Amino acid sequence: MVESRQRAVVLLSGGMDSCVCATLAAREYQTAAVHISYGQRTEEREKRAFLGICDRLGIHDRLLVRNDALRAIGGSALTDTNIKVPEALEIGREVPVTYVPFRNAHFLAVAVSWAEVLGAEKIYIGAVEQDSSGYPDCRPEYYRAFNEVVRTGTKDGKIEIVTPLIGLRKSQIVTRGLELGAPLDLTWSCYSREDRACGVCDSCVLRLRAFRDARAEDPIPYAAALQ
């Protein structure tokens, strides 16, 4: 039995990485999950994924928050409909336009505040650096720095942000998720569509490659698929 004092908060977007992260957290802690809608194109589909994953994992403490600042600020194809979501082939070496400026800081601030109220000492986030889109707020040094902010800026200074997937490749995350029995069939990764995943945006292509390299079948429907 997990003791009530052993609590963790997991940031659960509804995507594959956060789902595996939530599955890991739920095995070790009494877990609470937070989902943040920020005006992204697929926010309703991601919210549905969040609720389904929580149900499957038995996570009862849930916090759904809306952040209007990121949509108002714009500057990302995920929050500004005037900026086209690029296909993976259009993305070069620069940080892509799907990057939402400093998004994870907004998410972590909510999670840390809730962790203080709940008495949780761990915050799980499914950040990935390997074969990812190259977002600057997914780097290990970012979380080392953020942990120092949390240590100095919270009442007891005991909350720790953990990133169990950050050094894994996407195919390894798929394999780990299958080993854990993570509900990958409930997840949603597409940046642009809510009915069937587009199969051509950066997130879809990274996911499809991961399942292919893991020699597993992706359980969600696609409008187009990686050849």
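**Exercise 1. Find the residues that Asn67 touches beyond its neighbours within four places in sequence, and describe its setting.**

Step 1: Leaving those neighbours aside, Asn67 is in contact (heavy atoms within 4.5 Å) with Ile36, Ser37, Tyr38 and His106. Before going on, a word on the model: it is predicted, so local features need pLDDT of at least 70 and side-chain atom pairs count only at pLDDT 80 or more, while totals for chains, interfaces and linings use all residues. Numbering runs from 1 along each chain as its sequence is written, and side-chain values use heavy atoms, with hydrogens and water left out.

Step 2: Check its cover. Asn67 has 13% relative accessibility and therefore counts as buried (under 20% relative accessible area; exposed is over 50%, partly exposed in between, with a 1.4 Å probe and protein chains only).

Step 3: Look at its side chain, where a polar atom lies 2.8 Å from the backbone nitrogen of Ala69.

**Exercise 2. Is Ser171 buried or exposed, and which residues does it contact?**

Step 1: Go to helix H6 (residues 170-180), where Ser171 sits.

Step 2: With a relative accessible area of 18%, Ser171 is buried.

Step 3: Leaving aside neighbours within four places in sequence, its contacts are Ala210, Asp213 and Ala214.

**Exercise 3. Examine the positive phi values of Phe102 and Arg215.**

Step 1: Recall the background: most residues other than glycine have a negative phi.

Step 2: Phe102 has a phi near 55 degrees. Its place is the loop between H3 and helix H4 (103-118), and at a relative accessible area of 48% Phe102 is partly exposed.

Step 3: Arg215 has a phi of about 60 degrees. You will find Arg215 in the segment after helix H7 (202-213), and its 82% relative accessibility makes it exposed.

**Exercise 4. Describe the overall fold and dimensions of the protein.**

Step 1: Count the elements: seven helices and five strands. Along the sequence they run β-α-β-α-β-α-α-β-α-β-α-α.

Step 2: Compare the radius of gyration (over C-alpha atoms; the globule rule is 2.2 Å times the number of residues to the power 0.38). The protein's 17 Å agrees with the value near 17 Å for a compact globule of 227 residues.

Step 3: Finish with burial: 51% of the 227 residues are buried.

Conventions: Helix = DSSP H or I, 4+ residues; strand = E, 2+ residues; numbered from the N terminus. Polar contact = N/O pair within 3.5 Å; in protein donor to acceptor, adjacent residues only side chain to side chain.
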